[in-house]
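Q: Hi! I'm new to this one, could you walk me through it?

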Amino acid sequence: MTYPIRIPGASVTLREFTRDDVDDVLAIIGDDKVTASLSFDSRNRDQAVAMLEGAIERAQQEPRTEFYLGVTKRDDDSVIGFARIGLSGVQAGKLGYAIAAKEWGRGYATDAARTLVTYAFKERGLHRVTAAIGPDNVASIAVVQQLGFTREGTLRDHVFTNGAWRDSVLFSVLAHEWSW
């Protein structure tokens, strides 16, 4: 698949961001409830615009080094979250995702992560995908465990967010362990 990417999941669709997504994105990355679990602090509108423009620009690079996609419900094109795999190392990627707080508990993060990891293995030929998750983020840990990721260990003082250093729990899954 080449730019622009659109990947249907069971309940969500992953698609490229557009500049029109800024209000939806700001509702996610500007919400302290959401960013408390992420590797960055809440962002304002200007920062949301810059983030979107960066994602749009990087999506057009060859070779592509990340797949940073908006998460929408299957029947609505509004962005309710994002899912990202940043390529790192040899045939390896780092997974990240977030869903708007008002949509939590509906399985969207699980479907978005499953859809993107399947794409990474099947279409991009990755061998390994990791996810580094804050130890207090019980919901996100449950997502990767449900998807068959293995806990590898703790990355000490891995990210500086919300004014303090935070550990991350590292999970991974290998292509031969993934069932698509």
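A: Happy to; we'll go through strands, a pocket, some aromatic rings and a few backbone details.

Q: What kind of model is this, and how are residues numbered?
A: This is a predicted model, where local features need pLDDT of at least 70, side-chain atom pairs count only at pLDDT 80 or more, and totals for chains, interfaces and linings use all residues. Residues are numbered from 1 along each chain as its sequence is written, and side-chain values use heavy atoms, with hydrogens and water left out.

Q: Let's start with strand E2. Are its faces covered or open?
A: Both faces of E2, residues 12–15, are covered. Val12 and Leu14 are buried on one side, and Thr13 and Arg15 are buried on the other. Buried means under 20% relative accessible area, exposed means over 50%, and partly exposed is in between (1.4 Å probe, protein chains only). Strands here are DSSP runs of E with at least two residues, helices are runs of H or I with at least four, and both are numbered from the N terminus.

Q: Which strands does E2 pair with?
A: One is strand E1 (residues 6–8), which pairs with E2 in the antiparallel sense over three bridges. E2 also runs antiparallel to strand E3 (residues 66–73), with four bridges joining them. Two strands count as paired if DSSP finds at least two bridges between them.

Q: And which residues stand opposite each other?
A: Ile7 stands opposite Leu14 in E2, and Arg15 stands opposite Gly70 in E3.

Q: How many residues sit between E1 and E2?
A: Three residues lie between them, and the two strands form a hairpin.

Q: New topic: what volume does the largest pocket have?
A: About 950 Å³. A pocket is found on a 1 Å grid over the protein atoms alone: it is an open set of points where a 1.4 Å probe fits, with protein on both sides within 12 Å along at least five of seven lines, and lining residues have an atom within 4 Å of a point. Grid points are joined across faces, edges and corners, and the volume is the space filled by probe spheres set on the points.

Q: How many residues line the largest pocket, and which lie nearest its centre?
A: The lining has 39 residues, and Leu38, Gly96, Tyr97, Ala98 and Ser140 lie nearest the centre. Elements giving two or more residues to it include strand E4 (79–87), helix H4 (108–122) and strand E8 (164–174).

Q: Which element gives the largest share?
A: That is E5, with six residues.

Q: How does the lining divide by residue type?
A: There are 21 nonpolar, 12 polar and six charged residues. Ala, Val, Leu, Ile, Met, Phe, Trp, Tyr, Cys and Pro count as nonpolar, Asp, Glu, Lys and Arg as charged, and the others, Gly among them, as polar.

Q: How many aromatic pairs are there?
A: Six. Rings of Phe, Tyr and Trp (its six-membered ring) pair if their centres lie within 6.5 Å; planes under 30 degrees apart count as stacked, over 60 as edge-to-face and the rest as tilted.

Q: Why is the pair of Phe67 and Tyr119 edge-to-face?
A: Their ring centres are 5.6 Å apart and their planes are at 65°, so the pair counts as edge-to-face. Phe67 lies in strand E3 and Tyr119 in helix H4, so the pair ties together parts that are 52 residues apart in sequence.

Q: Is Phe67 buried or exposed, and what about Tyr119?
A: Phe67 is buried, at 3% relative accessible area, and Tyr119 is buried too, at 4%.

Q: Which residues form an aromatic cluster?
A: Phe17, Tyr68 and Phe82 form one.

Q: What sits over the ring of Phe40?
A: The charged end of Arg43, 3.9 Å from the ring centre. A charge sits over a ring if NZ of Lys or CZ of Arg is within 6 Å of the ring centre and within 35 degrees of the ring normal.

Q: Where does Phe40 lie?
A: In the loop between helix H2 (32–35) and H3. Phe40 is buried, with a relative accessible area of 14%.

Q: Last one: which peptide bond is cis?
A: The one from Glu62 to Pro63, with omega near -5°. Pro63 lies in the loop between helix H3 (45–59) and E3.
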